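I opened the model to look up a few local features. My entries follow in the order I made them.

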Amino acid sequence: MHSTDMNSLSAQGGFTIRELGVEDAAAVSGLLRAQPREYARFFYAFGPGEGEIARILGERERDVYSGMFWHGELACVFMLRGWDAGYEVPSFGVLVDVKHRGRAFMRISLDVSKLICRLSGATRLMAKIHPDNISPRGARRLGFMQTCVEAETGNVVYHMDL
């Protein structure tokens, strides 16, 4: 292939990372609905309903909702939220399709999110993670340091300096 245009890669079934728009609500809903309940139980950025997803994607201003596509199929959704609510430090969230688990999608989404934060002037990144979802050791391997535990949810709050 001689072209470096990502759209031509996608048309040929390649790998694409791009911001999600309202037109992607059905794909996001499909991804969420396709996950085993136990696997996706800690992902609650939005429900699986297409209407709610379209509303969130359509109303965002500074928050970032992105997707990774493999052969035209949505394989991962990741986000940086909180800027629209006035927070300086965005919260990172990710859901990788269970069939792509362990294939570097999560690591790539974190690296892209760190880049977006740096380009946007953020000096820190936050993640709220249920203790059954990732171990403190795993979070440290990714570069996160535990800062507190959220009393109402039990989620561990991690921060990463950029």
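Which glycine takes a positive phi in the hairpin of β6 and β7? I find Gly154, with phi near 80°. The hairpin has six residues between its strands.

**Entry: ground rules.** I am working on a predicted model, where local features need pLDDT of at least 70, side-chain atom pairs count only at pLDDT 80 or more, and totals for chains, interfaces and linings use all residues. Residues are numbered from 1 along each chain as its sequence is written, and side-chain values use heavy atoms, with hydrogens and water left out.

Entry: I checked the pairing next. Strands count as paired if DSSP finds at least two bridges between them. Strand β6 (residues 145-149) and strand β7 (residues 156-161) have four bridges, in the antiparallel sense. Opposite Met145 I find His159 in β7.

Entry: I looked for residues other than glycine with positive phi. His71 has phi near 55°. I place His71 in the loop between β2 and β3 (73-81). Ala104 has phi near 85°. Ala104 lies in the loop between β4 (91-96) and α5. For exposure I use relative accessible area: buried is under 20%, exposed is over 50%, and partly exposed is in between (1.4 Å probe, protein chains only). Ala104 is partly exposed at 39%.

**Entry: salt bridges.** Side chains of opposite charge can pair when their charged atoms come close. My criterion is a side-chain nitrogen of Lys or Arg within 4 Å of a carboxyl oxygen of Asp or Glu. The count comes to eight salt bridges.

- Arg60 is partly exposed at 22%. Glu19 is partly exposed at 43%.
- Glu38 and Arg41: I read 2.7 Å, N to O. Glu38 is exposed at 53%. Arg41 is partly exposed at 37%.
- Asp111 and Lys114: the closest N and O atoms are 3.8 Å apart. Both belong to helix α5 (residues 105-120); they are three residues apart, so about one helical turn separates them. Asp111 is partly exposed at 37%. Lys114 counts as buried at 15%.

Entry: Which residues of helix α2 (residues 25-34) are buried? I list Ala25, Val28, Ser29, Leu31 and Leu32. They cover an arc of only 160° around the axis, so they lie on the same side of α2. I take the arc from the directions from the helix axis to the C-beta atoms. What covers these buried residues includes α4, β3 and β4; contact here means heavy atoms within 4.5 Å. I then turned to the face away from the buried side of α2. That face carries the exposed residues Arg33 and Ala34.

How values were computed:
Helices (H or I, at least four residues) and strands (E, at least two) are DSSP runs, numbered from the N terminus.
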